[in-house]
Amino acid sequence: MSTQKKNAVNKEASGPMAKLTAQLLPVIARKKAACNLPKNAGSSFFYEIEKGWEADVLRQDEDVCVAKNTLELEDAFLDQKVKTILIPYDASITQTVALRVCRRHGLGKTIFYEGS
Amino acid sequence: MSSILEKPARDLSAEDYASIEKPLGERVPYPGMGLGYVVSKNGEKKLTRYLGVLKKPLMVTSERDLDEVEGMLIRDMPTPEMLKLFFEVMSSINPRNERRAMYLKGAPGAGKTFLGEMAGNVSSKKGAIKIDCTNMNLYELFFETVLDFNANKSFYDALNTKIEKYNLAENKEQRDQVLNPMSIDILEDCLGNAFSEENGKICIDWAGVKQAHSNETGERLDTRENIEIAIAGLKQVSAKEGLDNLGGNALGMASQEGPAFQAYEEGRVLILDELNRAKRGTFGVLHGFMQFAINEISECRVRNPLKEKGDHARSDLHFQRSKMGSGFFIFMTGNTEDDSDEVLELPEALSSRVVPDPVANATLQGWQHRWCQILTGMPISTLYNAQSHIWDEDPDVFKQKLKEWRELRETREIPAHQLNMLRRWQDVMQATGNLAKFMDAASKTVNPDSNWHKAGTLTQLLDDISETFKKEVSVDFRKINYFITKAMMPKPSVAPPQDENGPDIIPLLDEMDIPEAPEDIKRNLGTHITYVILDWIVANSYERGKEDLGNQLMQLAADCALVDPQLIEGMPSNRKTVAELLDENPFDSNDPDIRVELIRDLLCDYLRNSYPDITAENSEIMPASVVRRAIDEIAEKGAGPVVFNSNPDNINQEPLQKAKCIDMTPQLQDEGQNEKMAPAADHLLSQYALLATLAAPELREHNLSCLWNEALSGSGVVSLGTEGMTDESLAIAENKSETGVAATTIIVQSDKSENEPTELPLHVIWNKSMDRLLVVGEGEVNDSLKRAFNDARVIYIDRNANNAHSTMRKGLDFVLGAETGTLCDTVRDAFLMRNTLPTQKAETKIDNLSKMLLNNDLECFLPHYLAKEPPKLRTA
């Protein structure tokens with residue numbers, strides 16, 4: 001089942017409280033993940049985050065593009081609609097390369113790099 | 001066509017122009033640099049630039065909406081010295097301007113590239129195309145060689161899949177089964193810096209393969225050479241991994257249009273960074289192209305030297321004005337020739353066409369602007385200085401505006417510390433002003449060509465500073481990022497040796513400054529920035545045998561409040577240091593929620609002290625709202641002293657408990673009628689109960705105010721002063737002194753009294769004007785209270801500790817500040833209004849006071865008790 005469908009099912013099956021939680025959770029997860037100082041990576045903010053619920057919520061967030069290899073990361077940078085990118089812990093992208101790609105692209109995005 | 005800027009200029013309609021011209025400065029007060037005469041008091045006029053706000057909007061060419069343009073340009077505002085060029089760049093990008101190129105030349109780190117990127121990002125949603133021309137064959141702006149992914153898709157897909165499996169493998173054995181270890185070595189060799197390995201994970205930056213290698217002298221190889229090396233290695237990997245059947249034995253390359261043509265077609269800004277460091281002998285290709293860009297010719301062709309038989313790429317590129325995207329603009333940057341031997345002079349035919357605009361040197365305003373921008377994401381100082389008269393009228397409006405502009409159409413997640421710092425913008429202004437002064441002066445000190453050296457004021461340093469040294473330690477705007485990055489890294493916390501005969505060592509970083517989690521460094525960012533700057537001074541001066549330079553820079557650091565002048569000159573100071581201003585101190589927070597949370601945390605620590613087995617989180621023990629309500633009640637009722645409740649049974653109903661002050665000083669008006677009864681020792685408040693509240697915002701001021709009264713004046717046993725002048729000692733003893741200093745002794749219950757409760761005199765000196773506190777008691781305080789005291793500017797001294805005397809001297813300097821010398825005797829006399837002590841002699845005034853406060857034989861003859869409520873009185 002696709003992520004979008006899963007989200008839709010969850011929303012349908014839940015009450016108003018759960019609905020509110022579903023709306024607030026991504027916002028809280030982003031705020032929590034952005035508590036640290038970002039690394040200087042071109043115009044982008046590069047946040048290192050630990051494996052945990054924040055990363056899980058971000059993974060489910062439709063507004064977050066998940067990049068699992070460098071080609072997907074490049075595509076995400078070229079896509080003007082993408083503002084936030086999550087590089088999950090199991091992605092084949094090292095931090096060195098992720099930072100290099102950020103610096104190569106002038107436009108600023110938010111990158112969450114999930115450590116192992 | 002998705003963007004108006006891709007349309008040629010001649011095809012733009014009036015509506016198109018209306019939609020891409022955004023009036024900057026119409027809705028937000030945008031700073032600008034004017035040129036005018038400064039008239040001195042004696043009427044002399046001097047032509048100079050001045051910072052103000054744009055009176056007439058600057059038309060910014062952008063396909064973004066005005067909110068986005070304003071948000072980006074306020075946040076990424078160029079430094080004041082670059083604002084003039086900013087105005088020119090933004091005006092030049094307008095499609096009506098036929099000259100589509102600009103060349104900025106100046107010192108490294110001045111912000112030239114930043115300006116170009118900002119202009120490109122504002123104008124086009126795709127942003128600028130930035131090319132680092134260092135050692136670059138400039139032909140590759142037009143044609144470049146790449147791996148032919150399309151022709152060999154199966155191979156690359158298979159290799160990527162193997163890499164993904166390799167990264168998911170759990171151990172070496174599994175990894176070796178996925179990829180032959182020799183293949184990894186080959187990939188590393190053939191892909192150069194496009195290959196990376198970290199924590200057992202490998203990664204290929206395919207888009208970076210074309211620029212992966214340098215030769216033995218560090219010069220970048222052409223894309224074709226890079227691709228040839230890559231293909232040779234990939235073929236070997238293909239054979240080893242059994243991918244030949246997927247085309248791995250016949251990998252190919254392709255030539256494609258370079259970034260110059262992409263920018264031309266898409267109507268984007270092309271940044272040619274470090275142009276005069278490009279590969280020697282390759283500038284020729286730019287002649288025709290620059291003629292085209294500045295509209296000397298309406299078209300030009302660039303031949304494809306890379307085209308081979310079977311290559312589908314064009315044989316040449318045809319640039320035509322009539323087809324050029326209207327947003328196309330070439331923004332070139334270069335360093336001055338004296339910067340390095342690698343900087344080339346541009347051929348005359350080229351430089352006469354693109355006349356360089358010189359970039360002004362960094363100024364104090366520029367330094368502060370960049371510090372503010374990097375710390376908060378906003379150029380607070382420039383926004384403030386451009387119209388300080390307005391913001392001074394209502395600083396809160398400025399605070400709101402800063403937040404509003406910081407968030408205006410920001411698509412990135414704003415770091416939490418930036419918003420916190422914007423709330424304390426005055427502190428940030430003060431701290432960055434000092435940091436700017438330091439950086440400006442340091443840059444001139446380490447540069448033998450600076451005006452300071454030319455003026456002959458630093459002749460003693462010339463032996464310390466060679467040309468090589470100058471380049472190594474040069475201080476430009478990039479140093480700010482360097483310092484911040486270093487500040488965020490973990491640092492060693494080293495305990496100095498406790499040798500009695502050895503020197504007294506004060507570590508720059510206390511163990512309390514090194515948080516458990518490295519990312520928590522941001523709370524003490526000021527402390528850590530100070531550390532890295534001082535570390536930089538030591539590493540580049542004293543440790544390189546440059547004693548004079550070190551002394552000069554350390555003096556500078558003291559002048560700029562990076563270090564407490566006391567450490568350099570032994571002089572106490574009232575001035576806040578950069579660390580104090582920038583550290584995120586919850587005690588000083590203006591946010592009521594943060595203050596209440598701090599009080600709640602202190603309360604929970606207090607509770608844990610009595611019940612160490614509590615494991616619940618603070619929020620579970622006590623909701624912040626309950627604490628808020630209790631604090632509000634104190635404010636409303638104006639009760640006496642209050643302390644934390646340590647009774648778990650009713651803590652949620654009454655987080656705070658009342659206490660009572662009982663001053664035994666007899667009063668003339670009583671005439672012996674009402675003899676006072678002292679409270680029993682077991683009903684005195686414990687020392688810890690009072691101390692815990694002294695680290696709590698709101699409670700601290702409330703409780704301290706309760707410790708002083710007018711009993712001494714009313715007792716008739718002390719002199720009120722002469723000729724109508726209040727005795728200064730009495731004023732200090734009653735918290736009425738205009739110096740802001742108050743001193744007293746309070747009797748509490750000793751924390752050490754395990755079996756038999758005993759009384760304990762607690763000496764308190766409070767400097768209200770600096771809100772600093774010195775408390776002398778008995779016994780150690782726990783680590784969490786120590787940390788809280790650090791934030792709350794409280795120095796606590798255990799009078800029986802081995803180092804009590806030396807700590808006391810530092811404590812007196814801290815609490816009395818610059819007034820230590822003049823106030824010591826008066827403060828001592830203030831204490832003697834309630835206490836007596838055996839005769840003792842000391843050499844200095846400070847020793848006199850210090851020894852008295854540490855003396856266990858000091859006897860309090862007019863005791864002022866702090867008792868539990870209701871107090872149980874002693875039997876007569």
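This is a predicted model: local features need pLDDT of at least 70, side-chain atom pairs count only at pLDDT 80 or more; totals for chains, interfaces and linings use all residues.
Side chains of opposite charge can pair when their charged atoms come close. Over all chains, a search of the whole structure finds 57 salt bridges. One of the pairs is formed by R59(A) and E114(A), whose closest N and O atoms are 3.2 Å apart. This pair links distant parts of the chain, since R59(A) belongs to helix α3 (residues 53–60) of chain A and E114(A) to strand β5 (residues 110–114) of chain A, 55 residues apart. The two partners can also be described by their accessibility: R59(A) counts as partly exposed at 23% relative accessibility, whereas E114(A) is buried, with a relative accessible area of 2%.

In chain B, D222(B) forms a salt bridge with K279(B), and the closest N and O atoms of the two lie 3.0 Å apart. Because D222(B) sits in the loop between β9 (201–204) and α8 (223–241) of chain B, and K279(B) in the loop between β11 (269–273) and α10 (284–293) of chain B, the pair ties together parts that are 57 residues apart in sequence. D222(B) has a relative accessible area of 16% and is therefore buried, the cut-off being under 20%, while K279(B), at 21% relative accessibility, counts as partly exposed. A further salt bridge in chain B joins E68(B) to R64(B), with 2.9 Å between the closest N and O atoms, and here both E68(B) and R64(B) are buried.

Salt bridges also link residues into a network, which consists of R30(A), K31(A), D61(A) and E413(B).

Other charged residues take part in a surface patch. D185(B), E188(B), D189(B) and E197(B) form a negative surface patch, to which helix α7 (residues 181–191) of chain B gives the most, with three residues. E197(B) has its place in strand β8 (residues 195–198) of chain B, and this residue is partly exposed, with a relative accessible area of 43%.

The last stop is L685(B), which is found in the loop between β17 (656–663) and α28 (687–694) of chain B. With a relative accessible area of 5%, L685(B) is buried. Leaving aside neighbours within four places in sequence, L685(B) is in contact with V643(B), A659(B), V748(B), Q749(B), L866(B), A867(B) and K868(B). The C-alpha atom of L685(B) is separated by 22 Å from that of P666(B), a residue 19 residues apart from L685(B) along the chain.

How values were computed: Residues are numbered from 1 along each chain as its sequence is written. Chains are lettered from A and ligands numbered from 1 in the order in which they are written. Side-chain values use heavy atoms; hydrogens and water are left out. Helices (H or I, at least four residues) and strands (E, at least two) are DSSP runs, numbered from the N terminus. Buried means under 20% relative accessible area, exposed over 50%, partly exposed in between (1.4 Å probe, protein chains only). Contact means heavy atoms within 4.5 Å. Patches are made of residues with over 30% relative accessible area and no salt bridge: like charges are joined within 9 Å, nonpolar side chains (Val, Leu, Ile, Met, Phe, Trp, Tyr) within 5 Å. Accessible areas come from the Shrake-Rupley method with a 1.4 Å probe; for residues, only the protein chains shown count as cover. A salt bridge is a side-chain nitrogen of Lys or Arg within 4 Å of a carboxyl oxygen of Asp or Glu. Lys and Arg count as positive and Asp and Glu as negative; His and the chain ends are not counted. The place of a charge is taken as NZ of Lys, CZ of Arg, CG of Asp or CD of Glu.
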